[in-house]
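Hi everyone, thanks for making time. Please have a look at the model on the screen, and then I'll walk you through a few of its contacts.

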Amino acid sequence: MKRYWKHSTLMCLILIGFAFTVRFATPIYFEVPDKWPKPVYDFSKNPITEEGFQLGRNLFYDPILSRDKTISCASCHSPNNAFTHVDHDLSHGIEGRKGKRNSLALVNLAWSKNFMWDGGVNNLEVQPINPITNPVEMDEKLENVVTKLQQSPKYRTLFSKAYGDEKVTSQRILKALAQFTVMLKSSDSKYDKVMRHEASFTQQEEKGYQLFKANCASCHTEPLFSSDKFENNGLKPDDSLKDGGRIKITKNIKDSLRFKVPTLRNIKLTGPYMHDGSIQNLPMVLFHYTDDLYKSPSLSKQLTKKITLNKEDKDNLIAFLEALTDESFIHNPKFQYPR
Amino acid sequence: MIKKGIHSVFLFFFCFWLSAQNKSDSLAVNFHLEFNKLPLKLNHKYVSAANDTLTVETFRCYISGIQIQYDDNSVFTQKESYHLLDSENPNSFSIPITKKSDKLISKIIFNIGIDSVTNVSGALAGDLDPIKGMYWAWQSGYINMKIEGKSPSCKTRKNEFQFHVGGYLKPFYAMQCMKFPLDKKADDDINIGIDLNRFFSNLELSKTNSIMIPGKEAMKLAAHSNKMFYSQ
């Protein structure tokens with residue numbers, strides 16, 4: 001009898017042990033806002049957990065990813081600037097080396113099919129390989145990142161919390177980073193509140209919204225404010241950059257000077273604007289579309305008809321664009337530097 | 001006590017037998033890297049049929065989607081079939097696939113490179129780990145085949161040639177599907193030769209020596225690359 005009890009206690013302990021190994025992490029549910037499209041990102045292959053998200057958050061803010069430990073993801077994607085790089089037309093990386101494009105804002109990435117201005121990256125999980133290995137960004141090798149993290153007691157703990165053991169692999173690093181970046185969801189701007197009937201636009205914002213729908217919405221499609229397509233928006237090519245955009249990926253002449261349509265969410269905070277950061281502020285952006293289009297064969301169809309906006313129209317439109325700022329997203333404590 | 005001892009001895013032998021069984025019982029595809037029908041020596045001088053003197057420093061290539069067809073019309077398809085052959089790692093050239101049997105194999109099918117679905121599947125592990133140096137960062141996707149070396153015909157830095165062949169977006173989808181009819185019993189390994197001479201005989205290294213992006217040129221090289229493979 002005594003022996004029987006011993007056995008069953010042992011069995012119980014083993015079973016409890018198993019339960020812990022299977023459920024070591026706390027799942028997080030990714031909520032899709034009402035009336036929004038289905039996310040593109042395949043959550044089934046990377047189920048989000050609190051521990052995975054926290055690991056990703058630590059990696060995102062840690063310059064350990066760069067060769068000389070000076071540059072983190074947040075260097076060019078800072079939360080205060082709606083996860084982009086403010087004040088710089090072209091983003092710069094390690095040792096002040098300059099890139100040739102303006103960093104994109106990281107927001108609502110779960111709905112993006114392609115990443116980067118030319119759409120060269122096809123999955124959110126492999127996106128970080130680009131900045132990590134680019135000589136003008138972090139200039140590091142993935143295998144060195146794995147080694148550095150393996151040597152760090154802090155990361156060994158974070159990996160074992162997220163994955164059940166301390167093993168560091170590139171797949172685990174990339175999936176954890178994706179868990180953080182895919183959660184960067186902005187759906188609580190004044191615009192969203194108006195759509196949910198929780199607030200109403202001012203008269204100026206309402207007029208601006210109507211102008212937006214008439215002139216901008218065909219590319220900056222609601223509710224994500226991007227069609228996720230590639231367009232030539234009539235920006236004069238910068239001879240010093242020789243950047244053809246999408247053509248580099250597809251080798252199709254039709255894609256020459258086409259770049260990803262960026263979202264307008266939090267647009268007030270993400271200047272300077274355009275892929276080369278050549279336009280300083282929103283009034284100048286509107287001037288570009290009304291009076292300063294550079295005509296070339298791939299110019300977006302939507303821009304062949306002249307856009308006319310008077311001074312008042314422009315003010316109204318900007319008032320609407322400012323209603324796309326989501327303070328609760330930018331100041332969300334979960335997305336800030338981990339302390 | 002003695003009983004227990006006997007048990008553990010048996011267990012030990014059983015495990016031993018099991019592991020031995022696995023080794024000798026699995027049918028493998030062995031790839032043989034050659035130059036002009038002789039085993040390729042890295043950094044050794046060769047002369048190609050196109051009259052280029054050359055040395056090969058790196059050969060890496062993905063083999064995927066291995067399938068064996070038997071003459072009784074049954075088919076074995078390997079799951080998670082992604083294998084990186086790497087000249088730095090001779091063991092990688094032997095790929096165990098299934099159990100040996102008395103059945104007759106009529107065909108072997110495999111791909112050189114990685115299919116488009118896998119190319120868009122995010123961060124992967126094992127032989128598909130981007131750490132393996134067979135992944136493009138700026139334009140997501142696997143490099144199906146890497147051949148690097150030197151030749152005095154190349155008027156490049158250090159006379160280097162570099163071929164990184166890949167691409168998954170149509171019309172530049174570079175993966176090559178290979179089919180070799182066989183007529184052999186499944187009790188012995190399948191041997192496939194990869195003769196680099198056949199690759200270089202289709203090239204003039206003075207003109208073509210650096211192709212590292214997907215596109216038209218890479219498609220041409222991919223077409224040359226499938227001529228290297230032959231059933232031994």
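Let's begin with a question: at roughly what angle do the axes of helix 2 (residues 50-60) of chain A and helix 6 (residues 153-163) of chain A cross? Before I answer, a word on what you are looking at. This is a predicted model, where local features need pLDDT of at least 70 and side-chain atom pairs count only at pLDDT 80 or more, while totals for chains, interfaces and linings use all residues. Residues are numbered from 1 along each chain as its sequence is written, and chains are lettered from A and ligands numbered from 1 in the order in which they are written.

Now the answer: the two axes cross at roughly 150° and come within 7 Å. Here, helices (H or I, at least four residues) are DSSP runs numbered from the N terminus. Axes are lines fitted to C-alpha atoms, for helices over the stretch in contact, and angles run from 0 to 180 degrees between N-to-C directions. That angle makes helix 2 of chain A roughly antiparallel to helix 6 of chain A; the cut-offs are under 35 degrees for roughly parallel, over 145 for roughly antiparallel, 65 to 115 for roughly perpendicular, and oblique for the rest.

Who meets whom? On helix 2 of chain A, the contact is made by Glu51(A), Gly52(A), Gln54(A), Leu55(A) and Asn58(A), and on helix 6 of chain A by Leu158(A), Phe159(A), Lys161(A) and Ala162(A). Contact means that the C-beta atoms, placed from the backbone, lie within 7 Å. By class, this contact has four nonpolar, three polar and two charged residues. Ala, Val, Leu, Ile, Met, Phe, Trp, Tyr, Cys and Pro count as nonpolar, Asp, Glu, Lys and Arg as charged, and the others, Gly among them, as polar.

Helix 2 of chain A also packs with helix 7 of chain A, at an angle of about 95° and with the axes 7 Å apart. That makes the pair roughly perpendicular. Among the residues in this contact are Phe53(A) and Phe60(A) in helix 2 of chain A, and Ile173(A) and Phe180(A) in helix 7 of chain A. The class count is nine nonpolar, three polar and one charged.

Next, please find Tyr41(A), in the loop between helix 1 (2-22) and helix 2 of chain A. Is Tyr41(A) buried or exposed? Tyr41(A) is buried, because 22 other C-beta atoms lie within 10 Å; buried takes 20 or more such atoms, exposed 12 or fewer, and partly exposed is in between, again with C-beta atoms placed from the backbone. Leaving out residues up to four places away in sequence, Tyr41(A) touches Ala110(A), Leu124(A) and Val182(A).

Let's zoom out. The domain assignment of chain A, automatic or from a database, gives domain 1 (13-186) and domain 2 (190-327). Their contact takes 24 residues from domain 1 of chain A and 25 residues from domain 2 of chain A.

Finally, the two chains: their contact takes 22 residues from chain A and 17 residues from chain B.

Terms used. Helices (H or I, at least four residues) and strands (E, at least two) are DSSP runs, numbered from the N terminus.
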